[in-house]
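Visitor: I'm new here. Could you walk me through this one, and tell me what the terms mean as we go?

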Number of protein chains: 2
Amino acid sequence: MEMETITENQKVRVAEKLKKMFGHMDRRQMEYCPIRDVMALASDKWSILIILYLGYYPVMRFNHLKKRVYGISNKVLSERLKVLAADGYLARNMFPEVPVRVEYNLTDFGHSYLQKLIELSEWATTHSDQVMSNRKGFGKV
Amino acid sequence: MEMETITENQKVRVAEKLKKMFGHMDRRQMEYCPIRDVMALASDKWSILIILYLGYYPVMRFNHLKKRVYGISNKVLSERLKVLAADGYLARNMFPEVPVRVEYNLTDFGHSYLQKLIELSEWATTHSDQVMSNRKGFGKV
DNA sequence: AGAGCAAGTTACCAAAAGTAACTAATTTTT
DNA sequence: AAAAATTAGTTACTTTTGGTAACTTGCTCT
């Protein structure tokens with residue numbers, strides 16, 4: 001049934017990495033955990049799509065983002081753009097023309113995150129069929 | 001200011017990957033997008049922590065998870081475990097002892113996702129300081 | 001003169017998440 | 001023998017977050 005090919009070696013290497021990250025984590029760090037804080041924003045479903053689209057179209061304006069990030073509301077788009085800019089993933093450039101033009105683009109920091117995000121998206125794309133078949137088959141047997 | 005070292009080459013490779021993922025995306029796929037569907041669950045902030053901890057402790061019981069995934073509520077933990085199991089990331093084993101014992105562990109599929117997640121977490125760990133300083137510096141200048 | 005545009009904001013309603021008390025059956029403690 | 005603790009959740013209730021749609025502002029096009 002399982003089509004994955006994860007070797008024991010890979011599992012061991014993963015365990016070592018996790019040990020480095022979690023091994024020396026005391027109570028203070030559990031309450032304020034950098035993974036949590038960074039990921040809470042950066043792995044948010046809308047943030048991911050915004051960052052991916054800004055990787056695809058290097059410069060985007062508000063309404064362009066709204067069209068491509070299908071289903072996002074003005075409210076959430078505007079709020080996410082603010083915090084993503086505040087955390088340094090993207091830059092906002094306003095041109096005082098009429099009507100006003102506001103352009104968003106990834107910073108170098110945002111690009112560095114985008115690289116990781118792309119790997120995750122590639123995994124999601126290639127494994128979505130399996131998720132669907134897992135979901136269907138669940139509960140049966 | 002920017003400490004990142006993303007080369008133009010890397011940006012080009014990223015753009016090519018995005019083109020493959022987004023290039024041939026028509027309206028139907030925008031409404032049902034596999035990245036969205038898979039990631040909505042798998043990149044959820046609690047799901048990420050659950051999967052990471054199950055990578056660290058290969059077998060965990062409900063209350064153990066609740067202790068480690070600091071701050072999660074019974075309600076959300078129980079709901080996430082259900083959908084993560086349904087999508088095939090983890091397996092649930094119930095032992096009809098008294099009191100009942102229920103063990104959770106990652107499937108091979110879950111392990112394959114964990115590998116990507118670890119890279120993301122490593123990025124988050126090494127970049128959390130920069131996020132903090134970005135956040136502090138925002139608005140100034 | 002009226003409509004249209006861009007980039008949002010606002011008020012209101014729906015959905016998701018957090019809180020805390022509760023369940024069941026059995027073992028351990030008093 | 002009665003009370004307390006244990007595990008893996010569930011339930012009712014409150015709070016926070018998200019979605020919907022109408023509105024704003026100042027200029028340009030028809």
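Visitor: How many residues of chain B are in contact with chain A?

Guide: Quick background: this is a predicted model, where local features need pLDDT of at least 70, side-chain atom pairs count only at pLDDT 80 or more, and totals for chains, interfaces and linings use all residues. Residues are numbered from 1 along each chain as its sequence is written, chains are lettered from A and ligands numbered from 1 in the order in which they are written, and side-chain values use heavy atoms, leaving out hydrogens and water. Now your count: 66 residues of chain B are in contact with 66 residues of chain A, contact meaning heavy atoms within 4.5 Å.

Visitor: What area is buried between chain B and chain A?

Guide: About 6900 Å², and carbon and sulfur atoms give 69% of that. Buried area is the accessible area, taken with a 1.4 Å probe, that two parts lose on being put together, summed over both.

Visitor: Why is the pair Asp108(B) and Lys11(A) called a salt bridge?

Guide: The rule asks for a side-chain nitrogen of Lys or Arg within 4 Å of a carboxyl oxygen of Asp or Glu. In Asp108(B) and Lys11(A) the closest N and O atoms are 3.4 Å apart, so the pair passes the 4 Å rule. Across the interface of chain B and chain A there are eight salt bridges, and the count over all chains comes to 18.

Visitor: What about Glu122(B) and Lys17(A), how far apart are their closest N and O atoms?

Guide: 4.0 Å, and that pair forms a salt bridge too. The pair crosses between chains, from helix H7 of chain B to helix H1 (residues 8–22) of chain A. Helices here are DSSP runs of H or I with at least four residues, strands are E runs of at least two, and both are numbered from the N terminus.

Visitor: What makes S1 and S2 of chain B edge strands?

Guide: Three strands of chain B form an open, antiparallel sheet in the order S1-S3-S2. Strand S1 (60–61) and strand S2 (90–95) each have a single partner strand, so one side of each is left without a neighbour in the sheet.

Technical notes. Pairing = 2+ DSSP bridges.
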